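Please walk through this structure with the text beside it.

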Amino acid sequence: MSDIANALGPLFLLILLGAALGWARFPGGDFWPRLERFIYYLLFPAMLVATLATADVSQVPVFRLGVTMLGTMLLLGLGLWLAKDRLRLSPPAFTSAFQGVVRFNTYVGVAGATALHGAEGTTTAAVAVALMVPTANILCVLAFIGSGTLGSASLGQSAMALLRNPLILACLLGIGLNLGGIGLPGWSADAIGLLGDAALPLGLVAVGVALRPQALWRSGRAFWLSSALKLVVTPLIVLALAAIVGLHGANRDIALLFAALPTATSAYILARQLGGDAELMAAVITGQTLLAMATLPLLLHAVGAS
């Protein structure tokens, strides 16, 4: 337990630092929204390209990892949709609860994978991001469409946003450079690597800044449903599928880590743009992030992650 706590503890401290900076409104103005865009559109894609372009991806069991992680996302997404009427949530609230279950915080995931398993963890996490980001985005947009909160004018915009998603493009570029045998030639490897190194600590601080504790006061049943499915049920399904397909060791640990992550802070923007319940989404993001500080180490310890 102490090894896991020592690996994840510094990550949580950076998130709490961000929360303190956000509460103090330091340094003020639109600094944090602009920094978050800088991380999302440049630093984090640079990290993914640097990892995927040079990694020995053949050492990652992509098929078994995909079956485990994407299978879990599809099962939960389908289960939520089939239970939609029984849940008796308004369409906007349902889409926010849905995002809370399906989406995941990539910054915490990659940072946690690196802290737990070093370069091997980073490579597996990058492959996981390449598999999960497109799937999560497609599922969430479909949930908005099916719930009727997404107007026809927004559908085309959502499709274009998906095609222009910097994380998806970075994964495709990194994999293309890898498969083409190009890698990152010359000084580009060190330059892109340096950019990528800045992504995770700044990203974790930005996660903390985005937390909105005041939103928890009106979270209600949808918050607890979403959080229970995300932080408890999702890891259990991943463990079951991992056992079925024979995913083990560090790869299973990373799959479990990603399954137990809190939802993505970007879900708030999507909820606001596509007709979701933005305040509920803020509560889900905040509550899940705070809860995950306790549940993540406990889950990883319980299954013997190393």
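What follows describes some backbone angles, a group of aromatic rings, a pocket and a cavity.

This is a predicted model, in which local features need pLDDT of at least 70 and side-chain atom pairs count only at pLDDT 80 or more, while totals for chains, interfaces and linings use all residues. Residues are numbered from 1 along each chain as its sequence is written, and side-chain values use heavy atoms, with hydrogens and water left out.

Start with the backbone. Most residues other than glycine have a negative phi, and most peptide bonds are trans. Arg25 has a positive phi, near 55°, and its place is in the loop between helix 1 and helix 2. Helices here are DSSP runs of H or I with at least four residues, numbered from the N terminus. In that loop between helix 1 (2-24) and helix 2 (31-54) Pro27 is also found, and the peptide bond from Phe26 to Pro27 is cis, with omega near 5°. Arg88 likewise has a positive phi, near 55°; this residue sits in the loop between helix 4 (84-87) and helix 5. Are these two arginines buried or exposed? Arg25 is exposed, at 72% relative accessibility, and Arg88 is exposed at 73%. The cut-offs are under 20% relative accessible area for buried, over 50% for exposed and in between for partly exposed, with a 1.4 Å probe and protein chains only.

Next come the rings. The structure holds seven aromatic pairs. One of them joins Trp81 and Phe94, which are edge-to-face, 5.8 Å centre to centre and with 65° between the planes. The pair links distant parts of the chain, since Trp81 belongs to helix 3 (residues 62-82) and Phe94 to helix 5 (residues 91-102), 13 residues apart. Rings of Phe, Tyr and Trp (its six-membered ring) pair if their centres lie within 6.5 Å; planes under 30 degrees apart are stacked, over 60 edge-to-face and the rest tilted. Trp81 counts as partly exposed because its relative accessibility is 36%, whereas Phe94 is buried because its relative accessible area is 1%. Ring pairs link Trp81, Phe94 and Phe98 into a cluster. Lys84 lies over the face of Phe94, 5.7 Å from the ring centre; for this, NZ of Lys or CZ of Arg must be within 6 Å of the centre and within 35 degrees of the ring normal.

The last topic is empty space. Rolling a probe the size of a water molecule over the atoms shows where such space is left. On a 1 Å grid over the protein atoms alone, a cavity is a set of points where a 1.4 Å probe fits but cannot get out; a pocket is an open set with protein on both sides within 12 Å along at least five of seven lines, and lining residues have an atom within 4 Å of a point. The second largest pocket has a volume of about 160 Å³. Its lining includes Met47, Thr51, Thr122 and Asp197, and helix 2, helix 6 (106-147) and helix 9 (188-209) each give two or more residues to this lining.

There is one cavity of 30 Å³ or more. The largest cavity holds about 90 Å³ of space. Of the 13 residues that line the largest cavity, Thr72, Met73, Met132, Lys230 and Thr234 are the closest to its centre. Helix 3 gives the most to this lining, with four residues.

Notes
Grid points are joined across faces, edges and corners, and a volume is the space filled by probe spheres set on the points.
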